[in-house]
There are 2 protein chains.
Amino acid sequence: MRRFVIVGHKAHSTADFKLDDLAGGAGRLDVLLRCVNSTFFLSHNIRTDAEAYLVLLGPEAPPRTVRFIGSEVRYLNPDERSTGALVRNALLKAGKGLIKSSPGVYVSDQSFHDVLEELAPKGQIVYLRENGIPLGELKVGPDVTFVLSDHKDLTPEEEAELERLTKDVVSLGPISYHADHCITIVNHELDLRP
Amino acid sequence: MRRFVIVGHKAHSTADFKLDDLAGGAGRLDVLLRCVNSTFFLSHNIRTDAEAYLVLLGPEAPPRTVRFIGSEVRYLNPDERSTGALVRNALLKAGKGLIKSSPGVYVSDQSFHDVLEELAPKGQIVYLRENGIPLGELKVGPDVTFVLSDHKDLTPEEEAELERLTKDVVSLGPISYHADHCITIVNHELDLRP
């Protein structure tokens with residue numbers, strides 16, 4: 001399983017935003033929606049061995065985590081607006097515990113800490129950021145979770161949380177990319193491995 | 001200069017679509033808008049040495065080509081909707097010849113043939129598709145234009161047009177990707193070259 005956890009520091013955790021204003025009123029939710037696209041979409045196909053976790057830390061009810069499960073997901077299209085609608089629908093149905101809002105889409109009140117605690121026992125955790133080893137030098141097992149931040153860096157507290165769980169810090173080169181582009185690059189690099 | 005030409009076979013060539021319906025009523029214009037994002041966006045920066053040419057072949061007035069010039073562009077944001085608004089604005093202002101619709105955005109009645117004829121004298125043309133040489137084996141000069149199709153393959157006539165101008169056919173591996181993901185992968189690969 002290939003998993004991507006993306007932290008949205010300002011992304012709204014309640015459905016108080018319009019689908020016309022995903023970049024503004026939804027707290028840069030657009031960044032996370034493009035990450036969902038990069039996690040799953042192939043030409044005329046979806047990656048069934050992938051999962052995306054969007055950790056929403058913006059107003060009004062943080063934390064909320066919306067997860068997309070590639071092997072189950074339906075009604076997922078590549079455009080931002082329709083994926084925004086799936087997230088909005090999940091937030092409308094959010095409550096206690098893990099709730100399925102549509103096929104392959106789940107919402108919970110998990111924090112970044114909770115998500116990492118759940119995923120760490122499953123396999124390797126990798127922190128994607130500037131100043132790590134090149135991706136080509138990373139050994140990857142069959143179950144791997146990549147952790148990324150949105151347009152802001154992880155906070156020192158979030159970094160400390162991660163560094164408690166992993167020493168694998170990977171960089172994609174001298175240039176710093178948007179989170180969704182990082183996911184595309186990682187997926188491609190892993191696709192090329194035997 | 002790094003240039004990407006993307007052919008939108010159904011993408012509307014007049015501004016008769018709603019920004020709420022870029023994937024539907026605009027003829028999968030969403031695909032091309034994500035290609036603009038992939039061409040230009042870096043973390044907190046824009047690639048000034050890049051250009052994107054969107055060749056719109058859908059109704060009502062094909063062909064139209066909207067070009068984005070990285071060194072001049074303003075008001076470009078990463079989300080689909082705002083880039084869709086720039087394209088829509090360009091189509092509203094389209095007429096004879098090359099018209100500047102906003103800073104760094106131009107619209108013309110150029111066809112795919114016209115665009116290739118204009119760009120071929122400037123440097124290398126590369127066709128990105130399945131069944132080519134690996135990108136890592138491609139020698140790239142300082143001026144290179146990559147040609148991609150949207151969610152449909154190029155037509156035999158478009159392929160013939162391209163193959164008249166270049167023998168450089170490049171593939172990104174065994175898996176077929178969305179056009180915008182291909183651009184991200186190409187940009188990253190070229191970024192890593194000395």
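Q: Contact means heavy atoms within 4.5 Å. Which strands does helix H2 (residues 80-93) of chain A lie across?
A: H2(A) lies across E4, E5 (64-69), E6 and E7 of chain A. H2(A) runs at about 125° to E5(A). Such angles run from 0 to 180 degrees between N-to-C directions, with axes fitted to C-alpha atoms, for helices over the stretch in contact. The model is predicted: local features need pLDDT of at least 70, side-chain atom pairs need 80 or more, and totals for chains, interfaces and linings use all residues. Residues are numbered from 1 along each chain, chains are lettered from A and ligands numbered from 1 in written order, and side-chain values use heavy atoms, without hydrogens and water.

Q: What makes E6 and E10 of chain A edge strands?
A: The open sheet of chain A has eight strands in the order E6-E7-E5-E4-E1-E9-E8-E10, with mixed pairing. Strand E6 (99-102) and strand E10 (169-171) of chain A each pair on one side only. The twist averages 30° from one strand to the next. Helices (H or I, at least four residues) and strands (E, at least two) are DSSP runs, numbered from the N terminus.

Q: How do you know that E6(A) and E7 of chain A are joined?
A: Two strands pair if DSSP finds at least two bridges between them. E6(A) and strand E7 (residues 105-108) of chain A have three, and they run antiparallel. Ser102(A) stands opposite Val105(A) in E7(A).

Q: In which sense do E1 and E4 of chain B pair?
A: Strand E1 (residues 2-8) and strand E4 (residues 50-56) of chain B are parallel, over seven bridges. Arg2(B) stands opposite Ala50(B) in E4(B). On the sheet packs helix H2 (residues 80-93) of chain B, touching E4, E5, E6 and E7 of chain B. Helix H5 (residues 179-192) of chain B lies across E1, E8 and E9 of chain B, at about 170° to E1(B).

Q: Why are the two copies said to be related as by a two-fold rotation axis?
A: The copies are superposed by least squares on C-alpha atoms of residues with pLDDT of at least 70 in both. Chain B is laid on chain A by a turn of 180° and a shift of 0.0 Å along the axis, with an RMSD of 0.0 Å. The copies are therefore related as by a two-fold axis. Their surfaces agree too: 100% of the interface residues of chain B are also interface residues in chain A, so the copies meet through the same surface.

Q: Which residue of chain B comes closest to the rotation axis?
A: Ile185(B), with its C-alpha at 2.9 Å. Ile185(B) is in helix H5 of chain B. Beyond residues up to four places away in sequence, Ile185(B) touches Thr184(A), His188(A), Leu135(B), Leu172(B) and Tyr177(B).

Q: Why does Ile185(B) count as buried?
A: Buried means under 20% relative accessible area, exposed over 50%, partly exposed in between (1.4 Å probe, protein chains only). Ile185(B) is at 4%, so the label is buried.

Q: How much area do chain B and chain A bury between them?
A: About 2,600 Å², 58% of it on carbon and sulfur atoms. Buried area is the accessible area (1.4 Å probe) that two parts lose on being put together, summed over both. His178(B), His181(B) and His188(B) supply 18% of the area that chain B buries against chain A, more than any other three residues. In contact are 30 residues of chain B and 30 residues of chain A.

Q: What makes Arg81(A) and Asp20(B) a salt bridge?
A: A salt bridge is a side-chain nitrogen of Lys or Arg within 4 Å of a carboxyl oxygen of Asp or Glu. For Arg81(A) and Asp20(B) the closest N and O atoms are 3.4 Å apart.

Q: How do you know that the pair Asp191(A) and Arg2(A) links distant parts of the chain?
A: Asp191(A) in helix H5 and Arg2(A) in strand E1 of chain A are 189 residues apart. Their side chains meet in a salt bridge at 3.2 Å, N to O. Asp191(A), with a relative accessible area of 12%, is buried. Arg2(A) is buried as well, at 13%.

Q: Why is Glu163(B) called partly exposed?
A: Its relative accessible area is 38%, which places Glu163(B) in the middle class. Arg129(B), at 31%, also counts as partly exposed. The side chains of Glu163(B) and Arg129(B) meet in a salt bridge (3.5 Å, N to O).
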